[in-house]
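Hi everyone, thanks for coming. Let me put the structure up, and then I'll walk you through a few spots in it.

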Amino acid sequence: MKRVITTTVLNQSGVLNRVTGLLMKRQFNIESISVGHTEQPGMSKMTFVVNVDNEAKLEQLLKQLQKQIDVIKVHDITDKAMVMRELAIVKVVSSPAVRNEIYTIVEPFRATVVDMSKNVTTFQVAGDPEKIEAFIDLMRPYGIKEITRTGVSAFVRETQKTHSEQLSIL
């Protein structure tokens, strides 16, 4: 099962290496990773998407991460209401004959053109990973020359839905 894990860490040399090394030693595959500064000086936030086989391994991973000297906080936010975004830059073969057709397809994705040449258009698209995948799938028939993705950034929404049992009178 895929899990979204965020860690707040001290912004120091070698932190990323130590944290990813721990994941590698425990044989967790990192499907996505993003790291950036936070609102607090000297702090960074890492967001990982990892595949975890079961709850016991997940608990072990969270405890191991928390033990790292440069790690301040660790959270598994997978089951919480969250905002999750990723950025992709996609080079698509786009001869002048099919360019209007491609633009019609990319419009609902709010993708923007960031570069263009005679036969290639480069799009930037941001959104949740499923949106990025759908965009890429629609561009494949035209010919994708290159893709680069940032990795997922995520945080928990301020308002969480409460799950209350609803009684049925039927």
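Let's start with helix α4, residues 129-139, where Pro129, Ile132, Phe135, Ile136 and Met139 are buried; buried means under 20% relative accessible area, with a 1.4 Å probe and protein chains only as cover. Down the axis of α4, these buried residues fall within an arc of 120°, so they line one face of the helix; the arc is taken over directions from the helix axis to the C-beta atoms. Their cover includes β5 (82-93), α3 (99-106), β7 (120-127) and β8 (144-149). Helices (H or I, at least four residues) and strands (E, at least two) are DSSP runs, numbered from the N terminus.

Before I go on: this is a predicted model, where local features need pLDDT of at least 70, side-chain atom pairs count only at pLDDT 80 or more, and totals for chains, interfaces and linings use all residues. Residues are numbered from 1 along each chain as its sequence is written, and side-chain values use heavy atoms, leaving out hydrogens and water.

Now to strand β7, which holds Thr122. Is Thr122 buried or exposed? Thr122 is buried, at 7% relative accessible area. Leaving aside neighbours within four places in sequence, Thr122 is in contact (heavy atoms within 4.5 Å) with Ile89, Val90, Lys91, Thr112, Val113, Val114 and Asp115.

Finally, look at Val35, in strand β2 (residues 30-37). At 44% relative accessibility, Val35 counts as partly exposed, a class that runs between the buried limit and the exposed one, over 50%. Happy to take questions!
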